[in-house]
Amino acid sequence: MGKTFAEKLFSNKSGRDVFAGAIVSVEPDYVMSHDNAAAISGTFKKIGVKQIKYPERVVIILDHEIPAPKESSASNHKEIRTFVNEQGIDNFYDVNNGICHQVFTEQGFALPGKLIVGSDSHTTTYGAMGAFSAGIGRSEVAAIWATGELWFSVPETIKIIINGQMSKFISPKDIALYIIGQIGADGGDYKAIEFTGEVVDNMSVADRMVLTNMAAEMGAKNGYVLPDQKTLDYLKGRAKVDFTPIYSDEDANYYKTLTFDISNISASVAKPHTVDNYVPITEVEGIKLDQALIGTCTNGRLEDLRDAAKVLDGKKVKIRTLVIPASWNVYKDAMKEGLLEIFIDAGAIILNPGCGPCLGAHQGVMAPGERTFSTANRNFKGRMGCRDAEIYLGSPASVAASAITGKITNPEGK
Amino acid sequence: MINEFKGKVWKYGDDINTDVIFPGKYTYQKMEPEEMAKYALEDLDPEFVNKVSDGDILVAGKNFGMGSSREQAAIAIKYAGIRVIIAKSFSRIYFRNAINAGMPAIKSPEAVEAIENGEEIVVDMKNGKIITSKGEFVFPPYPKTVMEILENNGLINFIKNKIKNS
Ligand code: SF4
């Protein structure tokens, strides 16, 4: 019988012929953590092992609260730096790099056929490169540091086929929100998702990362796009180690197959306070806003900033508008292209690459009764630091168009 | 061995996400589990931590713990006094975090429908049974690996003991 990508990967890793439902103990190729590495190192020490088993497989990227907004975060960072030195962890990226998922990918750790785990739910992002990547808990990271391995249950797979003609005003974010609206925030619970179809084939690597990033919001264990020439081109001169892509078999057994035609969808919005609270933007046009946020690990890449800059070029924003490039590389490219100048002239605030206001720890926290339109992946109550504030989610073009008017605005025709 | 839990029920609805269980703004503050417990369910039911007692049982609807991978969302609830969570379904990472924290997470949509907020119920781990005022509900036993982790009161102790014994 044929195997899905997930079944093949866990078969390779465990050296056994396994299918969905099996429980295996295997060694991940990379284990990523961020600011939570401080807490993880505490747990690691409690285990009583002195040395990380495979320091070369450990990647730590500081991004959640950078630069440190308060003493406790500064101490956290300090503790991590000390630990990194003690343990001889070479793959350490300090506060001047960017958001973990973007940096991890740019640095060439996200590779086809690899098993990657991380103590962050959007670790699913690396599936855009053909990796199997899943979010895990902090204790689980500590366990891998100590022993090199972890238990997994081999997931069933949902195949999502995206077909149709992508209109000029539609971005991968609109497609992701639309799909989550149809299947629900638990539509992919415990499942592996394979994204395929002509729309995905035609997408750039950056666009595919939006889909696999948002797979976490479907509840999925991982999201996967089969690696093609575009993937290989992106990885050229970037890949940290050799890799062998893994593809699903033609006759693999899928839990279900869902097909979406996105030819006629309009820009998508997720209303507060869940990501599956989907509406076409036309239904919420005119809702008054206090803040706009363009960036995060979902939509902070060069392609996203271009989308936003196109809309903002020569215009002025009416509300507080925050722009966060996902990494310093993206920042620099955006600078070279003149995008940053467009943002500044429009009156936006460019923040340093990092998670910033996305998780409500600092930089752009909201006040009670306020409303933000954001390109992030989550709009839960309290997510941006205030439980009595509202977050709407949309694409970079939608958020940029709305920043100009101060209310939710359809970018189409703008 | 964990055999049986008996406690008062705290019942909540569907799609309870990790941000309302343990707000993001505290996620990167270093805290001991006892301190995390003070913020359990802060944005869902601010009174919860004042009213919950040791040994109580949390009951929730579908997709409990959706969202972030933050482990505190499981640890905070455990240290607030909750011994076991029963839900219609769990988000994947939350399920793992609960098990790895040594707190059983049991999926039983039928039991959740039947259970009333505030009633006292019994969870029989050995026989896979939930005993409520409206009758008994069965759930399938955990796989061996999962049971071992729970019996060691969590993943870290499990590994510690494994290393010690090897
Ligand atoms: S940008 Fe937001 S969603 Fe992405 S890793 Fe940072 S906090 Fe998480």
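A:Tyr190, B:Phe64, B:Phe90, B:Tyr94, B:Phe95 and B:Tyr142 make up one aromatic cluster. Rings of Phe, Tyr and Trp (its six-membered ring) pair if their centres lie within 6.5 Å; planes under 30 degrees apart count as stacked, over 60 as edge-to-face and the rest as tilted. Over all chains this rule gives 23 aromatic pairs. Two of the pairs are tabulated here.

| Pair | Centre to centre | Angle between planes | Class |
|---|---|---|---|
| A:Phe10 and A:Phe152 | 5.4 Å | 45 degrees | tilted |
| A:Trp328 and A:Tyr331 | 4.5 Å | 40 degrees | tilted |

This is a predicted model: local features need pLDDT of at least 70, side-chain atom pairs count only at pLDDT 80 or more, and totals for chains, interfaces and linings use all residues. Side-chain values use heavy atoms, with hydrogens and water left out; residues are numbered from 1 along each chain as its sequence is written, while chains are lettered from A and ligands numbered from 1 in the order in which they are written.

Helices (H or I, at least four residues) and strands (E, at least two) are DSSP runs, numbered from the N terminus. A:Phe10 is buried at 0% relative accessibility, and A:Phe152 is buried at 1%. Here buried means under 20% relative accessible area, exposed over 50%, and partly exposed in between (1.4 Å probe, protein chains only).

A:Trp328 and A:Tyr331 both belong to helix α12 (residues 328-336) of chain A, three residues apart, about one turn of the helix. A:Trp328 is partly exposed, with 32% relative accessibility.

A:Arg57 sits over A:Tyr54, 3.6 Å from the ring centre, and B:Arg96 sits over A:Trp151, 4.0 Å from the ring centre.

The residues surrounding the ligand (a heavy atom within 4 Å) include A:His64, A:Asp120, A:Cys297 and A:Arg383. Domain 1 (5-240 + 247-259) and domain 2 (269-413) of chain A both contribute to this shell, so the ligand lies between them; the bounds come from an automatic or database domain assignment.

A:Ser398, in helix α14 (residues 396-405) of chain A, is buried at 0% relative accessible area. Beyond its neighbours within four places in sequence, A:Ser398 contacts (heavy atoms within 4.5 Å) A:Asp174, A:Ala267, A:Ile281, A:Phe373, A:Thr409 and A:Pro411.

Technical notes:
A charge sits over a ring if NZ of Lys or CZ of Arg is within 6 Å of the ring centre and within 35 degrees of the ring normal.
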